[in-house]
Amino acid sequence: MIDLYFAPTPNGWKISVMLEECGFDYNVKWVNIGAGEQFEPEFLAISPNNRIPAIVDHDPIEDDEPVSVFETGAILLYLANKAEKFLPADLHGQIAATEWLMWQMGGLGPMMGQHGHFKLYAPDRITYATERYRNEVLRLFGVMDRRLGDHDYLAGEDYSIADMACFPWVQTYKRQEIDLADFVNVKRWYEILKQREGLRRGMALGRDKINRNPQDDAEVRKTLFGIKE
């Protein structure tokens with residue numbers, strides 16, 4: 001059994017999607033990030049960066065003791081190796097999947113997160129910051145679009161952890177007011193992935209717990225954004 005420490009965010013959904021796609025049994029440990037549960041000692045023991053998600057695998061392949069993993073890229077690679085799925089077996093495929101996974105973690109996710117913050121949640125609308133991050137998000141969508149113009153999926157011709165890492169962020173496009181019609185290959189990829197049953201189950205987890213307006217609560221603002229009254 002795998003414990004999934006989870007909140008319904010794009011990063012959280014990366015791992016619920018992977019667990020569903022792999023068919024692993026897992027137990028959801030809800031982490032209320034608005035209430036600061038990510039700072040509690042029990043959680044910090046497995047995720048020292050106080051960020052969700054994290055996992056504890058109680059049945060690892062090569063050890064009798066439970067194994068904890070934090071950071072989404074590390075979790076996805078761990079689960080792919082455990083399942084022997086969604087990570088190409090050949091060298092070039094592995095390199096491509098890892099490259100695009102790192103691209104998401106270092107680029108697409110952080111830039112969309114910053115754009116979303118300044119556009120949707122910041123107490124003061126700062127045009128320069130919003131436009132700077134928006135332009136970088138659009139550039140990254142262009143990078144992804146060019147890649148998918150030559151390949152069915154980010155790692156090549158097979159669905160992989162790289163696609164699972166990117167999808168939950170791309171699915172925020174409406175709220176971030178990004179027109180997918182401007183990125184025809186991303187749109188094609190997105191529509192294909194939406195039909196996957198495992199992905200749909202993973203993306204459905206916790207939808208009823210989403211706080212779409214965290215900026216409206218002073219305590220949540222302080223916890224999530226460091227904004228003090």
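**View 1. A lysine charge over a tryptophan ring, and another over a phenylalanine ring.** The charged end of K209 sits over the ring of W30, at 4.7 Å from its centre, where sitting over a ring means that NZ of Lys or CZ of Arg is within 6 Å of the ring centre and within 35 degrees of the ring normal. The charged end of K82 likewise sits over the ring of F24, 5.7 Å from the centre of that ring. Throughout these views the model is a predicted one, in which local features need pLDDT of at least 70 and side-chain atom pairs count only at pLDDT 80 or more, while totals for chains, interfaces and linings use all residues. Residues are numbered from 1 along each chain as its sequence is written, and side-chain values use heavy atoms, with hydrogens and water left out.

**View 2. Helix 1 and its surroundings.** Helix 1 (10-22) has 13 residues and reaches 19 Å from its first C-alpha to its last, close to the 18 Å expected at 1.5 Å a residue, the expected span being 1.5 Å times one less than the number of residues. Helices (H or I, at least four residues) and strands (E, at least two) are DSSP runs, numbered from the N terminus. Twelve of the 13 residues of helix 1 are buried, so this helix is largely enclosed by the rest of the structure; buried means under 20% relative accessible area, exposed over 50%, and partly exposed in between (1.4 Å probe, protein chains only). Among the buried residues are W13, K14, M18 and E20. Just after helix 1, G23 takes a positive phi of about 75 degrees.

**View 3. The buried side of helix 8.** In helix 8 (residues 197-204), the buried residues are G198, L199, G202 and M203. They cover an arc of only 125 degrees around the axis, which puts them on the same side of helix 8; the arc is that of the directions from the helix axis to the C-beta atoms. What covers these buried residues includes helix 1, helix 6 (161-170) and helix 7 (184-193). G206, which follows helix 8, has a positive phi near 80 degrees.

**View 4. Aromatic pairs.** A search of the whole structure finds ten aromatic pairs, with rings of Phe, Tyr and Trp (its six-membered ring) counted as paired if their centres lie within 6.5 Å, and with planes under 30 degrees apart called stacked, over 60 edge-to-face and the rest tilted. The rings of F86 and Y159 have their centres 5.6 Å apart and their planes at 85 degrees, so this pair is edge-to-face. Because F86 lies in the loop between helix 3 (72-83) and helix 4 (91-121), and Y159 in the loop between helix 5 (127-150) and helix 6, the pair ties together parts that are 73 residues apart in sequence. F86 counts as buried at 17% relative accessibility, and Y159 is buried with a relative accessible area of 8%.

**View 5. The largest nonpolar core.** A nonpolar core is a set of buried Ala, Val, Leu, Ile, Met, Phe, Trp, Tyr and Cys residues joined through side-chain atoms within 4.5 Å. Of the 53 residues in the largest one, M18, L79, L108, F141, M144, V186 and W189 touch the most other members. The largest share of this core, eight residues, comes from helix 6. F167, Y173, W189 and Y190 form one aromatic cluster.

Methods:
Contact means heavy atoms within 4.5 Å.
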